[in-house]
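Dear colleague,

I am handing over the structure below, and after it I have set out what was found. Please read the notes with the structure open beside them.

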Amino acid sequence: MQSRSSHRVFAFLAIWLALFLLTFADAALRRDTGARVLEANEQLVAQLGLTDLCLFTEARYTRHPSQADLQSAFQDHPLAFEHFPSGSLLPPPRNLSSSYENLDRKTKSAD
Amino acid sequence: MKIWIERQKALIDFTLSSLARRKLKNLGLLLVYTVIVFLLASVMLYTHALRHEAAQVLKNSPEVIVQRMVAGRHDLIPLGYLEKLGRIRGVQNKEGRLWGYFYDNVVSANYTLMAPSPESHGFGRIADGKIVIGAAVARERGLVPGNLISFRSYTGKLFVFTVAAVLPHEAELVSADLLLLSETDFRAFFDIPAGYYNDIALSVANPQEVRNIASKISETLPDARIILREEVLRTYESIFNWREGIVLVLLSGSILAFAIFAWEKASGLSAEEKREIGILKAIGWETGDVLKMKFWEGALVSLTAFLLGYVAAYFHVFHFSAALFEPVLKGWSVLYPRFELVPVVDGFQIATLFFFTVFPYTVATIVPIWRAAITDPDAVMRG
């Protein structure tokens, strides 16, 4: 039988569709092995009391965004340009849109 | 049914030979289309997996962290605060944490130094003069256990440590730049007097009471800044949303350029294509057949681009550690963690990507053809 171009295209798409479906199988397999690593990381975080992911080590407020004081990105003066490239990948300080955890309203003394 | 299938196969054969006539243009389109899907899928897979990993790993971070603020900046917290916190009902464990940053001139990298509490299970007690280092530090400085490493502290004194162990490579996402040392060494290195800590980590007996306890703390210690675990998790959630958003904004230029290109290609019929439709109609093709042929053209191109782009993105993110994103994420950092994300694939996200990449192109191919196909063949051929 003569090979038709539609057949060749179907075969090509079938291969890629199989690869597409294989990514799900691969994800499931790697999740099983990854669970062990994740568990080890969870333990390390618990043991050392770590608070942040080590993604950007260039500045203290990008290394520990959850611990940085709200002014740290504008440490030189309020309108200072951001120094570090990863600053553009981090959101602006939350005090521009929201405050600290709203505990101050519940306190008797001013914060 | 068999006739219908044969008919579709014939239409696809015809479509393919029609595409092959403009090989270069169509291959170019397929390449650009694939790259766009690849970039979108890479960003989507990477941020989703990282967000999942952050939530999973940081769920064990301290429940409450108390920092002392002086003139709007994080300051050392005295032992007295620890005692005051201990008197608050519901506080189960309290622990002064010692950690700080050190800039290493040798490799121009920032390290996070930490003195784990002696109760930290699994680490035992780090002896004075010993140091446990993160895998990225070991890689950057070429260190193995037993090596000596020296740092000049901020006071100008030289400190020499023996590398006791290297933290596992798998834990780089949380520990790449860590240096763990004993409390005595830490205090001597940073010249922090006894009785002072960087902050205090608390655990709470009843997790439901965290907020109440936090408000009690802010009443007792008005100069304290309280960071709850849920805030840490929320911070990471917002970082990844922001990052995904930023990358998509950067990509939006190229996506728009592609959209214009694809729309132009799909909707603006060339004179040659118009003539082709005219001839097909003149030799007896029905409008429905012309539409079906063009549907197949759009579907085949977009489906191929989706499959190629998505599979490439999956391998890029989960098998090659998203190597193309590294320069962007790395910024000016010297230490960058090498980690392999655990694949977490969200079916809904893939369905959305599929819908927004395959569907518009297919529709954009059909509509102008439909307009050309319902007009008189003679008029179409004359242009």
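A polar contact here is a pair of N or O atoms within 3.5 Å, where within protein one atom must be able to donate a hydrogen and the other to accept it, and where residues adjacent in sequence count only if both atoms are side-chain atoms. By that rule, 27 residue pairs, with both residues at pLDDT 80 or more, are in polar contact across the interface of chain A and chain B.

Please keep in mind that this is a predicted model, in which local features need pLDDT of at least 70 and side-chain atom pairs count only at pLDDT 80 or more, while totals for chains, interfaces and linings use all residues. Residues are numbered from 1 along each chain as its sequence is written, chains are lettered from A and ligands numbered from 1 in the order in which they are written, and side-chain values use heavy atoms, with hydrogens and water left out.

On the interface, 69 residues of chain A are in contact with 95 residues of chain B, contact meaning heavy atoms within 4.5 Å. The area buried between the two chains is about 7,300 Å², and carbon and sulfur atoms give 63% of it; buried area is the accessible area (1.4 Å probe) that two parts lose on being put together, summed over both.

The rule also finds five salt bridges across this interface, a salt bridge being a side-chain nitrogen of Lys or Arg within 4 Å of a carboxyl oxygen of Asp or Glu. Glu42(A) forms a salt bridge with Lys59(B), and their closest N and O atoms are 3.5 Å apart.

On the side of chain A that touches chain B, α1 (5-48) and α2 (60-63) of chain A each supply at least two residues, helices being DSSP runs (H or I) of at least four residues, numbered from the N terminus. The largest share of that side, 28 residues, comes from α1(A).

Some single residues also deserve a look. Thr62(A) lies in helix α2 of chain A, and its side chain reaches the backbone oxygen of Ala59(A) at 2.9 Å. Thr62(A) counts as buried because its relative accessibility is 2%, the cut-offs being under 20% relative accessible area for buried, over 50% for exposed and partly exposed in between (1.4 Å probe, protein chains only).

In chain B, Ser321(B) is found in the loop between α10 (287-318) and α11 (326-330), and has a positive phi of about 50° although it is not a glycine. Ala322(B) is found in the loop between α10 and α11 of chain B, with a positive phi near 50°. Ser321(B), at 32% relative accessibility, counts as partly exposed, whereas Ala322(B), at 2%, counts as buried.

With best wishes
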